[in-house]
Amino acid sequence: MIFRRLSKRSDLTSVILRPRPETEEAEEGGCMVVMDPHGRRFYGLDAVATRIWHLLDGRTLGDVAEAMAGEHEVPYDQVYADLIALCDDLRSKKLIREVHG
């Protein structure tokens, strides 16, 4: 594995992830299709994953989880666990990357 899975790290609340600038995306009806940086594969995101994609705009994962928990009236811990799983998947497909500062 090229990167260490987020779920294996201890404190992720201050981690910032962003979509890779070389990805292509198209949105319709609240869902999104994202093309990998090499232009070989397309990935579909449902409405919740699309909203998270938009929140990966420089916010920390803790802030993204808080926003999603508030918007969907779901406990923070549940949202946080699901967020980490989604971000692990998006990173493994090279659609997002960790940024510093």
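The model is predicted, so local features need pLDDT of at least 70 and side-chain atom pairs count only at pLDDT 80 or more, while totals for chains, interfaces and linings use all residues. Residues are numbered from 1 along each chain as its sequence is written, and side-chain values use heavy atoms, with hydrogens and water left out.

**Thr-50**

Let's start in helix α1, residues 47–55, where Thr-50 sits. (Helices are DSSP runs of H or I with at least four residues, numbered from the N terminus.) Thr-50 is buried, at a relative accessible area of 1%; buried means under 20%, exposed over 50% and partly exposed in between, using a 1.4 Å probe and protein chains only. Skipping neighbours within four places in sequence, Thr-50 touches Glu-27, Gly-30, Cys-31, Met-32 and Leu-45, where contact means heavy atoms within 4.5 Å.

**Salt bridges**

There are four salt bridges in the structure, each being a side-chain nitrogen of Lys or Arg within 4 Å of a carboxyl oxygen of Asp or Glu. Among them are these:

| Pair | N to O distance |
|---|---|
| Arg-20 and Glu-22 | 3.7 Å |
| Arg-51 and Glu-71 | 2.6 Å |
| Lys-93 and Asp-89 | 2.7 Å |

Arg-51 belongs to helix α1 and Glu-71 to helix α2 (residues 61–72), so this pair ties together parts 20 residues apart in sequence. Arg-51 is partly exposed at 31% relative accessibility, and Glu-71 is partly exposed too, at 40%.

**The largest pocket**

Rolling a probe the size of a water molecule over the atoms shows where empty space is left. Here a pocket is an open set of points on a 1 Å grid over the protein atoms alone, where a 1.4 Å probe fits, with protein on both sides within 12 Å along at least five of seven lines; lining residues have an atom within 4 Å of a point.

The largest pocket has a volume of about 200 Å³, that being the space filled by probe spheres set on the points. Helices α1, α2 and α3 (76–92) each give two or more residues to its lining, and α3 gives the most, with five. The lining includes Val-48, Ile-52, Met-68, Gln-78 and Leu-83. By type, the lining residues split into eight nonpolar, two polar and two charged.

Conventions
Nonpolar A, V, L, I, M, F, W, Y, C, P; charged D, E, K, R; others polar.
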